[in-house]
Amino acid sequence: MKRFYTLILALSVVVAVTAQPSWVKKATKSVFILKTFDDKGTLLGSSCGFFTGERGEAVSSFTPFKGASSAIVIDANGQELPIACMLGANDTYDVARFRVTAKKTVPLTVAATDAPSDAMVWLLPYRETKQVPTGTVRKAETFRDRYAYYTVALNMPEGTTSCPLLNEAGEVIGLMQQPYRQDDTLSYAVSARFADSLIISGLSINDPTLRSTHIKKDLPQDLDQAMLTLYMAQASLDSAAYVGLINDFIARFPNTPDGYIYRAETSTAGKRFADAARDMEQAIRVADNKDEAHFSYSKLIYHKEVYMAKDAYDGWSLDKALEEAREAERINPLPLYRQQQAVILYVQKKYAEASDIYATITGSELRSAGLFFEAARCKAALNDTVGKLALLDSCVAMFNKPYLKEAAPYLMLRAQALLDAGKFRQATSDLNDYEKLMQATVNANFYYLRYQAEVGGRLYQQALNDIDQAITMMPEYDLYYAEKASLQVRVGLYDEAIATANECIRIAPEYSDGYLFLGIAQCQKGQKQEGLKNLQRAKELGDAQADDLIEKFSK
């Protein structure tokens, strides 16, 4: 009887080992070994994984990718396939999605629905068709409102992290997670749908998880997201990686002008002007909105001619930039394209033509403080003071009181123009408003500028206060002491002028200003002998006013 039971037990074991689901042999072709390497080719980490797409799409653990510069997978046939790019990653659940370089891969079918509790599941190790562990779902917890995190009654064999967990139909439901202990009778798997849903977006370039691996990241499939990636990459990638990204964009979206324009910009920066010209011509050919491409070409040439003028290229000139802007306007008469023409004409010193254009667009949707300022510069170049001030008034009028900091540059510009025009009190008013906005950043030069406006406007006490403030900020600058002494003499503060002039001499004994104002103040106080000596010293140091003053006070 005992031998009978032993025979029955032996038969049952054979059935348990050999009676695997029919899909196992095919499914095994989808499982691989992942290996990652640093920039010196040293092995960093390894894991398992499986294909989810026919064009090399696959998933595995993310941990081995951290710090990696390259990676391969070894498929079920023992063939090494390099990983071409990352398609997405999530550090919280330790999953990565990527693409390998292969003509065709055999994917597992990702289950459309989660496995319920008590469902039987199979863990499929690498190249295993016989000893396929089975288990039962104990719990399926939902995360992100739609994906399952499985707790499975299953003892994970060693080396099966990131192997697929499949349901009865041979569909993959999960990606095995690193076990807490190798002898644990409970194992865990994260939803395969979640792993296969990972994608690259326009903002992924700044994702700290993806940035922790040096393996190339794929471009988003969506054009708008891919364009966002290009924009973000300018500030975050080195030049070689950035050019590579642009080339990938062009390969994926060959009929979109943006890739050619971005590449033309990088070529221009690298002084490869012929390459840039070819790309811009191609951008114009493929563009649906050819006016925009012509406008971009105009801006590129303008930038090169203004900021890289020493690097000549026969095909480009300011005339060529102007021609491209005019062509853009011919196709689509936007004020923006006319503004570009005015900008170019200004650089060409064709101020009247530029001014005429600004007059036609300051009432358009481009109306802004910046536009009025550009127009004011033309009037200044034409020596039209009245026109310049009128346009600067329009600049400031674009802001309501109480002013915000955005108004500060235009208040300063108008103040300087008013000062040049001799409208000192108006200039002082603008400078007062500027100070309120920029209190934390105003410097000694600002107080000296306002001092000059206040002196011109006969606001002497305010002027003395401001020159004192300038001296406080730059106590070793002799000019400020000379200016202060000059004003003190002017308003009859002779004792104070003597003290200020002596301080000026202490700081700059080889310059004439201190001696000049010391001599004047002393003479005005009746101390002619001492005053004339100091005036004589100013003369010896080259002051042209000293002779007349010596003659005046010697009488």
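How many residues lie between β8 and β9 in their hairpin, and which residue in the turn has a positive phi? Three residues separate the two strands, and arginine 144 in the turn has a positive phi of about 55°. Before we go on, note that this is a predicted model, in which local features need pLDDT of at least 70, side-chain atom pairs count only at pLDDT 80 or more, and totals for chains, interfaces and linings use all residues. Residues are numbered from 1 along each chain as its sequence is written, and side-chain values use heavy atoms, with hydrogens and water left out.

Let's stay with β9. Strands here are DSSP runs of E with at least two residues, helices are runs of H or I with at least four, and both are numbered from the N terminus. Two strands pair if DSSP finds at least two bridges between them. Strand β8 (residues 134-143) pairs with β9 in the antiparallel sense over seven bridges, and lysine 139 stands opposite threonine 151 in β9. Strand β12 (residues 186-191) also runs antiparallel to β9, joined to it by five bridges. Here, leucine 186 in β12 is the bridge partner of alanine 153.

Is strand β9 largely enclosed or open? Six of the seven residues of β9 (residues 147-153) are buried, so this strand is largely enclosed by the rest of the structure. Buried means under 20% relative accessible area, exposed over 50%, and partly exposed in between (1.4 Å probe, protein chains only).

On a 1 Å grid over the protein atoms alone, a cavity is a set of points where a 1.4 Å probe fits but cannot get out; a pocket is an open set with protein on both sides within 12 Å along at least five of seven lines, and lining residues have an atom within 4 Å of a point. Grid points are joined across faces, edges and corners, and a volume is the space filled by probe spheres set on the points. The largest cavity holds about 30 Å³ of space, and its lining includes Tyr150, Val172 and Arg193.

The largest pocket has a volume of about 470 Å³. Of its 21 lining residues, Ile205, Ile215, Lys216, Lys217 and Leu237 lie nearest its centre. Helix α6 gives the largest share of this lining, four residues. The second largest pocket, of about 380 Å³, has 17 lining residues, with Pro257, Asp258, Ile261, Glu292 and Ser296 nearest its centre. Helices α7 (257-269) and α9 (290-307) each supply at least two residues of that lining.
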